[in-house]
Amino acid sequence: MARCQILAGFSEDAASIRRTFLSPPMRDCHREIARWLAPFGAASRVDAVGNLRIARPAAGVEVGAPRLLIGSHLDTVPNAGAYDGVLGVVLALALLSAVDVGKLPFAIEVVGFSEEEGVRFGKPFIGSRALVGRLDEQVLSCQDGDGISIRQAIEDFGLNPAELPQVAIEADVVGYVEFHIEQGPVLDSVGRPLGVVEAIAGQSRLEFTFTGHANHAGTTPMNLRYDSVAAAAEWISVVERRAQSSAALVATVGSIHARPGAANVIAGETQVSLDVRHESDEARNAAVDYCVRQAEDIVARRGLKVRWTVLMDQRAVPMDPFLVSQVEQAVARAGCDPFRIVSGAGHDAMIMAEKVPSAMIFLRTPGGISHDPAESVEVGDVAKAIDCGLHLLDQLASSSEFQRKNQHA
């Protein structure tokens, strides 16, 4: 936890934590972590997309040897807390320093992903996309607010974009494990220090524009109005009721823009966002369809119009069943009652799962507060997470099923 606080000091902002893709503070993180590695004979390198890759022994991982990746991300949102992403990297380092790697039938490589949050370029998971071979030219050409492309940012950091194909993992990688704070209140509400992530929820993002007629707020009778805000407000209530009536469904309208936006003018146009998430893609898509139909019904009744655009349609990603069962056993051996949970937020594990068996372990987030300086973890929960990780490595090392999977890979 102290090491997380040290890394929190490397920030683009003087009074708060902000560390975006390949910003100068990321270099400070790399240097500090490299300093921690010397006592236990590990070495680090930075790959072509800026991921920090750590192997033990210092000579590195033998080419072709089975590798288990453990990690998380080193970037942050603006005004961040100290543990989101970073704790998963530091926990992985704790495991790497504690385990006898010579007795494992697989190597361990720790990955500190260069980008997960999508803050600088509006494109998340840059680091893990590179590992699964999905960092194409369209992604590399995305620009930040200063007009700098991802490709240019890589070059400015002293890395070579021509080496990006070498970042992609090969068949020797047999799995990926990620520790992460929950970033929500579920574990805290049920009194569980650790959670076994069984899936990462699918996510739909849409933008709706309700169009009526702007008019004078004082001179237009209520029965002669075509108020886009009133239509949007009615629809927002429908969205909330739909989510409340369906188990595990969450739906959020987080952005509202009314035009012209004056207190004495009936808004002629209102633009709103919609974010829908569920572990079942079928349930999520049904909810989105319902919300679209309701918007159409509301504007038809009120004499308005509505149009919508789909901005994201991310499928749900189940974690590997074998690894999930192994995590459950490890959690129990660490003295905790196993508790399965679905992640409502996206994580690098959902990208890694495209190529390799993946698993996540959540740590309780007191108060459910994350993406905020008040974000915290309990020291006892971190200790249990380390115990869980050591038990998991021991189980995988002695698992005949895991060995067969390795041989098949």
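**Helix pairs, burial and backbone**

User: At roughly what angle do the axes of H10 and H12 cross?

Analyst: Helix H10 runs over residues 321-333; helices (H or I, at least four residues) and strands (E, at least two) are DSSP runs numbered from the N terminus. Axes are lines fitted to C-alpha atoms, for helices over the stretch in contact, with angles from 0 to 180 degrees between N-to-C directions. The axes of H10 and H12 come within 8 Å, and they cross at roughly 130 degrees.

User: Is H10 oblique or roughly antiparallel to H12?

Analyst: The crossing is at roughly 130 degrees. Angles under 35 degrees count as roughly parallel, over 145 as roughly antiparallel, 65 to 115 as roughly perpendicular and the rest as oblique. H10 is therefore, relative to H12, oblique.

User: Which atoms do side-chain values use?

Analyst: This is a predicted model: local features need pLDDT of at least 70, side-chain atom pairs count only at pLDDT 80 or more, and totals for chains, interfaces and linings use all residues. Residues are numbered from 1 along each chain as its sequence is written, and with hydrogens and water left out, side-chain values use heavy atoms.

User: How many charged residues are in the contact of H10 with H12?

Analyst: Contact means heavy atoms within 4.5 Å. H10 brings Phe322, Leu323, Gln326, Val327, Gln329, Ala330, Val331 and Arg333 against Cys388, His391, Leu392, Asp394, Gln395 and Leu396 of H12. Ala, Val, Leu, Ile, Met, Phe, Trp, Tyr, Cys and Pro count as nonpolar, Asp, Glu, Lys and Arg as charged, and the others, Gly among them, as polar. By class, the contact has eight nonpolar residues, four polar ones, and a charged count of two.

User: How are H8 and H9 set, roughly parallel or roughly antiparallel?

Analyst: Helix H8 spans residues 228-244 and helix H9 spans residues 281-302. Their axes come within 10 Å and cross at roughly 150 degrees. That makes H8, relative to H9, roughly antiparallel.

User: How many charged residues are in the contact of H8 with H9?

Analyst: H8 supplies Ala230, Ala231, Glu234, Trp235, Val238, Val239 and Arg242. H9 supplies Ala286, Ala287, Tyr290, Cys291, Gln294, Ala295, Ile298, Arg301 and Arg302. The contact divides into eleven nonpolar, one polar and, as charged residues, four.

User: What covers the buried residues of H2?

Analyst: In helix H2 (residues 24-37), the buried residues are Pro25, Met26, Cys29, His30, Glu32, Ile33, Trp36 and Leu37. Buried means under 20% relative accessible area, exposed over 50%, partly exposed in between (1.4 Å probe, protein chains only). Their cover includes helix H1 (2-8), strand S1 (43-46), strand S2 (52-55) and H3.

User: Is Ser204 buried or exposed?

Analyst: Ser204 sits in strand S7 (residues 202-211). Beyond four places in sequence, Ser204 touches Leu274, Asp275, Val276, Arg284, Asn285, Val288, Met312 and Asp313. At 4% relative accessibility, Ser204 is therefore buried.

User: And Ser398, buried or exposed?

Analyst: Ser398 belongs to helix H12. Ser398 and Thr20 are 378 residues apart in sequence and 39 Å apart in space, C-alpha to C-alpha. With 59% relative accessibility, Ser398 counts as exposed.

User: Which residues is Val173 in contact with, leaving aside its neighbours within four places in sequence?

Analyst: Val173 lies in strand S5 (residues 173-181). Its relative accessible area is 5%, so Val173 is buried. Val173 has as its contacts Arg67, Leu69 and Val356.

User: Where is Leu22 found?

Analyst: Most residues other than glycine have a negative phi. Leu22 is not a glycine, yet its phi is positive, about 55 degrees. With a relative accessible area of 7%, Leu22 is buried. Its place is the loop between H1 and H2.

User: What is the phi of Gln183 near?

Analyst: Gln183 sits in the loop between S5 and helix H7 (186-190). Its phi is positive in a residue other than glycine, near 70 degrees.

User: Is the peptide bond from Arg259 to Pro260 cis or trans?

Analyst: Most peptide bonds are trans. Pro260 lies in the loop between strand S10 (256-259) and strand S11 (265-266). Omega from Arg259 to Pro260 is near 10 degrees, and the bond is cis.
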